[in-house]
Amino acid sequence: MRRPLVGVTADVELRSDARQLHYFANQAMMAALSGAGALPVMLPHEAELIDDYLGVLDGVLISGGGYQFPHPQLIDPSNVNQEPAEKVARTRFELALVQRVTERDLPLLGICGGFQVMNVAAGGTIVPSLKSVRPEWHMHRDAAPYEEAAHEVIVTPGSRFREIVGRDRLPVNSLHSQGVTEAGVEASAAAVAPDGVVEAIERRDRYFWIATQWHPEFHISEADRCLFDAFVAAAAAR
């Protein structure tokens, strides 16, 4: 049986030694996808190719990493020129990609920065600095390494995410300075930290549309593996 083809958005950085932009992908994320039965491929930030990408892909994963600004600022043109051009291009590409994937109702999974992009695409906002709003929220940044749990999340009863993971609470390796305190108007909170920070969102009106603030590709609990299995199964079924 053919493995479902899953596109993963690339991270990007300016290599000072070569003075060139380089795309790269999280190895753990790619391994988690292939381990769940998918064939992962990296997607360059070419907005004009989105329809071509989606013509062959079975699912899309909006990855994390490399974000140095609050996403909602990009909606305001006056702020765009204040940010690194490659980061602006990435966020614009991912917002457009989320919109088109959602319209086509292809399976969509977001992780970390991808979770934040998807919340903005669903009509939500990002808190640029959690600890500036509530000092105790510093723990979301000053957390354990990705291979260890930082805190637990409370899974929303009746959510699609709850059906997938089969648990009411689970440990997560959440590590972020920006965050979400309210799900976008088109989405709903699927898991929330005990301190009120939203850690997962979903759309029940779509075939598979889920995003997590934490990094499930490190499989610190069986629930993380269940999420990847469910996403890849949804991609295979489409």
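**Reading a predicted fold, one feature at a time**

Author: Let's open with a cysteine: Cys-226 is partly exposed, with a relative accessible area of 24%. Buried means under 20% relative accessible area, exposed over 50%, and partly exposed in between (1.4 Å probe, protein chains only). This is a predicted model, where local features need pLDDT of at least 70, side-chain atom pairs count only at pLDDT 80 or more, and totals for chains, interfaces and linings use all residues. Residues are numbered from 1 along each chain as its sequence is written, and side-chain values use heavy atoms, with hydrogens and water left out.

Reader: Is Cys-112 buried or exposed?

Author: Cys-112 is buried, because its relative accessible area is 10%.

Reader: How many disulfides does a search of the whole structure find?

Author: A disulfide is a covalent bond between the sulfur atoms of two cysteines. The test here is a pair of cysteine sulfur atoms within 2.5 Å, and a search of the whole structure finds zero.

Reader: On to helices. Which residues of α8 are buried?

Author: An α-helix has 3.6 residues a turn, so residues three or four places apart point the same way. Helices here are DSSP runs (H or I, at least four residues), strands are too (E, at least two), and both are numbered from the N terminus. In α8, the buried residues are Ala-223, Asp-224, Leu-227, Phe-228, Phe-231, Val-232, Ala-234 and Ala-235.

Reader: What should the 16 residues of α8 span?

Author: The expected span is 1.5 Å times one less than the number of residues. For α8 that gives 22 Å, and its end C-alpha atoms are 22 Å apart, which agrees.

Reader: What does Ala-235 touch?

Author: Ala-235 belongs to α8, residues 222-237, and is buried at a relative accessible area of 1%. Contact means heavy atoms within 4.5 Å. Not counting residues up to four places away in sequence, Ala-235 touches Pro-4, Val-6, Asp-58, Gly-59 and Pro-107. Val-60 is 175 residues from Ala-235 in sequence, yet their C-alpha atoms are 8.6 Å apart in space.

Reader: Which residues of the largest nonpolar core touch the most other members?

Author: A nonpolar core is a set of buried Ala, Val, Leu, Ile, Met, Phe, Trp, Tyr and Cys residues joined through side-chain atoms within 4.5 Å. The largest one has 31 residues, and Leu-33, Leu-61, Phe-161, Leu-170 and Trp-214 touch the most other members. Its largest share, seven residues, comes from α8.

Reader: How many aromatic pairs does a search of the whole structure find?

Author: A pair of aromatic rings is described by the distance of the centres and the angle of the planes. Rings of Phe, Tyr and Trp (its six-membered ring) pair if their centres lie within 6.5 Å; planes under 30 degrees apart count as stacked, over 60 as edge-to-face and the rest as tilted. The search finds three pairs. One of them, Tyr-53 with Phe-93, is edge-to-face at 6.4 Å centre to centre, with 90 degrees between the planes. Tyr-53 lies in α2 (residues 50-56) and Phe-93 in α4 (residues 85-104), so the pair ties together parts that are 40 residues apart in sequence. Both Tyr-53 and Phe-93 are buried.
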